[in-house]
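Visitor: I have a model open and would like to learn to read it. Where should I look?
Guide: Start with the display below, then ask me about one feature at a time.

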Amino acid sequence: MHFVFLAILFFFFQNIANKEYGSRFEPGIKTLIPFHFISHIAMIVSLVALGVSVQIPREGLVYAFLYACTFLMAIMMLMRTLALGPVGKTTLIVNLSMLLPMILGVLFWNETLNLFNIFGIPCVLLTLFLSVPKKTGTERTSTRWTLSVLITFFLDGCLSILQKLFLRACGDAYSVSFVLVSAIFGLLITFVLSLAFLIKDHALAIPKKRSLLPFALIAVIVGATTAIATMFNMQSLTLLDGVIAFPVRQGGLILMMTLYGILRYKDPFDLRTGVMLLSGLAGILLLNV
């Protein structure tokens with residue numbers, strides 16, 4: 001169980017770093033690409049330091065490349081979403097993306113839903129419904145956050161689907177190497193895009209000297225915590241059933257991020273938010289039973 005708690009802790013630090021980026025810097029693609037170039041270096045260094053090697057079958061390279069592309073889009077959308085809205089709600093909805101690979105498994109892989117899973121689906125739908133903003137003076141910002149978080153929800157679900165497709169094609173033995181190879185592809189993609197922006201604009205869209213150090217530091221934290229949290233998460237799954245590990249990890253992370261958002265950013269917590277949190281946690285628990 002200690003691996004689960006360590007995974008929660010490092011995913012928590014990752015989300016804090018993503019939110020801090022959004023509160024300090026512009027979440028535009030031209031700034032995020034060099035940011036993630038640095039974060040992917042940190043991710044690769046962390047994985048290699050943890051003893052991960054590049055060892056996957058040739059057919060797995062396609063999945064690793066697709067995963068790298070999707071991960072970049074997902075993490076950039078997450079950072080944009082965190083910049084627009086509350087961290088607790090964002091974390092909750094993104095973590096509900098497990099519904100997508102579950103539906104795909106039922107439709108195409110002959111997987112079945114049990115009674116608990118069936119009750120979990122309306123909990124997820126209720127949570128998504130409650131995420132739609134009420135008409136307020138900040139309706140435009142709220143609508144942008146809703147669209148952004150739903151796109152992030154979809155992309156995060158695609159990451160889980162790609163992981164599942166890779167494991168079905170190549171087996172569990174290569175799962176950790178898959179993460180490293182995907183990070184290497186991500187580094188190459190961000191390098192090429194950074195070079196293209198440099199050629200086009202004759203400069204990279206990075207902060208000035210005073211802000212460059214925190215910019216790079218946050219990037220390193222995002223990359224390192226992503227790698228370490230992923231490793232601890234995978235280690236927890238070798239010792240615990242997913243039915244225990246997933247609800248504890250996701251539920252613990254959501255509760256910590258909700259509390260952090262209230263204390264650090266004064267995120268509102270009303271009855272609607274409370275019901276949304278309870279239905280989301282119930283959905284996570286029931287979908288994993």
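This is a predicted model: local features need pLDDT of at least 70, side-chain atom pairs count only at pLDDT 80 or more; totals for chains, interfaces and linings use all residues.

Visitor: Which helix gives the most to the nonpolar patch?
Guide: Helix H8, residues 175-201, with 5 residues. Leucine 204 is found in the loop between H8 and helix H9 (209-239).

Visitor: How exposed is leucine 204?
Guide: Leucine 204 has 33%, so it counts as partly exposed.

Visitor: Now the charges. How many salt bridges are there?
Guide: Look for a side-chain nitrogen of Lys or Arg within 4 Å of a carboxyl oxygen of Asp or Glu. By this rule there are 2 salt bridges.

Visitor: Where do arginine 24 and glutamate 20 lie?
Guide: Both are in helix H1, residues 2-24. They sit 4 residues apart, about one turn of the helix. Arginine 24 forms a salt bridge with glutamate 20, and their closest N and O atoms are 3.6 Å apart.

Visitor: Are arginine 24 and glutamate 20 buried or exposed?
Guide: Buried means under 20% relative accessible area, and exposed means over 50%. Arginine 24 is at 54%, so it counts as exposed. Glutamate 20 is at 12%, so it is buried.

Visitor: What does lysine 30 form a salt bridge with?
Guide: Aspartate 201, with the closest N and O atoms 3.0 Å apart. This pair links distant parts of the chain. Lysine 30 is in helix H2 (residues 29-49), aspartate 201 is in helix H8, and 171 residues separate them. Both ends are partly exposed: lysine 30 has a relative accessibility of 31%, and aspartate 201 has a relative accessible area of 33%.

Visitor: Let us go inside. How many residues has the largest nonpolar core?
Guide: A core is built from buried nonpolar residues whose side-chain atoms come within 4.5 Å. Here the largest one has 71 residues. Tyr21, Phe35, Leu47, Ile93 and Ile218 have the most contacts inside it. Helix H3, residues 60-84, gives the most to this core, with 12 residues.

Visitor: Take one of those. What is leucine 47 in contact with?
Guide: Set aside its neighbours within four places in sequence. Leucine 47 then contacts Val52, Val179, Leu180, Ala227 and Met231.

Visitor: Where does leucine 50 lie?
Guide: In the loop between H2 and H3. Leucine 50 has 44% relative accessibility, so it counts as partly exposed. Beyond four places in sequence, leucine 50 touches Ile228 and Met231. Methionine 231 is 181 residues away along the chain, yet the two C-alpha atoms are separated by 8.4 Å.

Visitor: What does threonine 90 touch, not counting residues up to four places away in sequence?
Guide: Leu78, Thr81, Leu82, Gly85, Trp145 and Val149.

Visitor: And isoleucine 262: where is it found?
Guide: In helix H10, residues 242-265. At 29% relative accessibility, isoleucine 262 counts as partly exposed. Isoleucine 262 touches Asp267 and Phe269, with residues up to four places away not counted. Now compare sequence with space. Isoleucine 262 and proline 86 are 176 residues apart in sequence, and 8.6 Å apart from C-alpha to C-alpha.

Visitor: Step back. What does the secondary structure of the protein come to?
Guide: It comes to 11 helices and 0 strands. Along the sequence, the pattern reads α-α-α-α-α-α-α-α-α-α-α.

Visitor: What share of the residues count as buried?
Guide: Of the 289 residues, 49% count as buried. The accessible surface comes to about 14,300 Å², and 71% of it belongs to carbon and sulfur atoms.

Conventions
Residues are numbered from 1 along each chain as its sequence is written. Side-chain values use heavy atoms; hydrogens and water are left out. Helices (H or I, at least four residues) and strands (E, at least two) are DSSP runs, numbered from the N terminus. Buried means under 20% relative accessible area, exposed over 50%, partly exposed in between (1.4 Å probe, protein chains only). Contact means heavy atoms within 4.5 Å. Accessible areas come from the Shrake-Rupley method with a 1.4 Å probe; for residues, only the protein chains shown count as cover.
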